[in-house]
Amino acid sequence: MIMIKLPLFFLISFLTFAHDHVPAGDEKHVHAHDYQFDLRFFKKINSKINLMFELENIVHEKRNNETQIMAGGKYRVNSHFKIGAYLGSIWGMRHDEDWVKTQSPDWGWRNTSSRDEQFLVLESIWRDNYDLFRMFIGELRLRFFQTFRFDKQTLRIRPKISTTILKDGLAFCTLFIMHERYLPINYSSEDLYAYWTYLGLMFHPQASFDWGPFVSIGQEVWSPDDALIRKTTNDNWKSVEEAVRLGFNLNFYY
Amino acid sequence: MRFQLLIFLFSFSIYSANLFYVKGRVYINEKLSGKGTILKNNDVVKTDLKSLAIISTKSGSKIKLDEKSKLTLKDIDKEIEFVDLSLGQAFFNIVKKNILKNNHIKFKVKTNSTVMGVRGTEFFASYGKNNDIWMCVNEGIVTIKAENDSKETSVKKGEGVLVKNGKETSEPRPLPWTKNLNWSMNPSEKDLANKIKIQEAYKDELDYDYD
């Protein structure tokens, strides 16, 4: 019962943060409630290689939706360390370049929902057990994310901690909390492009599939670097979208 | 006469192993047996489905034999107590006085493919899939040597190992599933049965990818 109440408490707490904010000067703040769905298929080739296909859909309240597909795999270097590589396509991703002059006197965001772009992901994952008052798994994931249309490079750093709850001697569900920071490498005037904090559950009804809800709270910041300012607005600007996302994971294992 | 009989029974119980606790159906040499049954060398203890037995040795060490398990008492009246687990799983609680000061092994457990030497006090051993052996330590240190191992592996408190196909011992590391093993051997407690399914041991959480 406590295990059900705890996530609900966090969910309600997070939702209370999502109030509207007044835009000021050349800095605009938006608050949104979004929804995210992730479907993944894993195929274990052997004890070292695990392939993955992922479909992700984010329904944004205040901008066009994003859909992403990604395929690749992880290689287990040793019991604690994995590396991975993926190729993917994304539709609807917003960049600093999408802040454009509209027909009206104002500037506005370009609708990118039908624009596709390809990307490459290189990742490394380190995991270990921590025997505290119960057994926890600690994880640190680094992802290098390269998009090709606008040549954007981002480093994503994500520490995560999880613990599995057993029922009748078998894994019943895993509770996880993680925080991901997006560091722009070759764009933006900001040091941090986005961050997200997640709290979620993964239920393990069968060995072949897991499912679970999660809630995340975070923000994305669009703020052009000097080169882009000179090329477009000739003026510095910043747009921040703070959001609470309710999400759902569905994983299949083969 | 009654006093002499008591003395006789008392001295016998000191120098022998016995069935300290029984739940369900427990067989000694294929005969259904109950609590208090005296055990001797080469006796075979077998537990049925939803059954368990706790064996107390002459030194006071205890062995909790889980359901569908089989254990042979090889040498239980010698200085080095020696048992053979040939099926299922068992918990071992070896009393400290039974471990020599100079760190010599005083209790040995054999499986089909491994020999475990007890320098510590509390550990668990179980058969898995395809003759695999799982072993984890709750207190002290246990050494294990499998068929293809060139040397013994020392497993410390909080760590466990897998002996794949009974041949090679893995590197000792914490095994999350062992945190939920039922180590209790106290009959006054409600449930002494182990609730962890051995399938759980095969989920390597460090290898589990969710995204």
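Buried means under 20% relative accessible area, exposed over 50% and partly exposed in between, with a 1.4 Å probe and protein chains only. By this definition, A:Arg158 and B:Asp211 are both buried. The views below come from a predicted model, in which local features need pLDDT of at least 70, side-chain atom pairs count only at pLDDT 80 or more, and totals for chains, interfaces and linings use all residues. Residues are numbered from 1 along each chain as its sequence is written, chains are lettered from A and ligands numbered from 1 in the order in which they are written, and side-chain values use heavy atoms, with hydrogens and water left out.

Figure 1. A salt bridge is a side-chain nitrogen of Lys or Arg within 4 Å of a carboxyl oxygen of Asp or Glu. Here the closest N and O atoms are 2.6 Å apart. Strands (E, at least two residues) and helices (H or I, at least four residues) are DSSP runs, numbered from the N terminus. Side chains of opposite charge can pair when their charged atoms come close.

**Figure 2. The interface of chain A and chain B buries about 2400 Å².** Buried area is the accessible area (1.4 Å probe) that two parts lose on being put together, summed over both. Of this area, 48% is on carbon and sulfur atoms. Contact, meaning heavy atoms within 4.5 Å, involves 35 residues of chain A and 20 residues of chain B. Nine salt bridges are counted between the two chains. The side of chain A that touches chain B has eleven nonpolar, ten polar and 14 charged residues. In this division Ala, Val, Leu, Ile, Met, Phe, Trp, Tyr, Cys and Pro count as nonpolar, Asp, Glu, Lys and Arg as charged, and the others, Gly among them, as polar.

**Figure 3. A:Thr164 is a buried residue of strand S9 (residues 152-167) of chain A.** Its relative accessible area is 11%. The side chain of A:Thr164 makes a polar contact with the side chain of A:Thr174 at 3.0 Å. A polar contact is a pair of N or O atoms within 3.5 Å; within protein, one must be able to donate a hydrogen and the other to accept it, and residues adjacent in sequence count only if both atoms are side-chain atoms. Leaving aside neighbours within four places in sequence, A:Thr164 is in contact with A:Arg134, A:Ala171, A:Cys173, A:Thr174 and, from chain B, B:Glu205.

**Figure 4. A:Glu123 forms salt bridges with A:Lys74 and with A:Arg143.** The closest N and O atoms are 3.4 Å apart in the pair with A:Lys74, and the two residues, in strand S7 (residues 116-131) and strand S3 of chain A, are 49 residues apart. With A:Arg143 the corresponding separation is 2.8 Å; that residue is in strand S8 of chain A, 20 residues from A:Glu123. A:Glu123 counts as buried because its relative accessible area is 5%. A:Lys74 is buried at 3%, and A:Arg143 is also buried.

**Figure 5. A:Asp151 and A:Ser188 are loop residues of chain A with positive phi.** Most residues other than glycine have a negative phi. A:Asp151, with phi of about 50°, lies in the loop between strand S8 (135-147) and S9. A:Ser188, with phi near 70°, is found in the loop between S10 and strand S11 (194-206). A:Asp151 is partly exposed at 42% relative accessible area, whereas A:Ser188 is buried at 11%.

**Figure 6. The largest nonpolar core has 34 residues.** A nonpolar core is a set of buried Ala, Val, Leu, Ile, Met, Phe, Trp, Tyr and Cys residues joined through side-chain atoms within 4.5 Å. B:Val45, B:Phe92, B:Phe123 and B:Met135 have the most contacts inside this core. Residues touched by B:Val45, not counting those up to four places away in sequence, include B:Leu19, B:Tyr27, B:Ile55 and B:Leu73. Apart from this core lies another, of 27 residues, among them A:Trp99, A:Met178, A:Trp196 and B:Tyr208.
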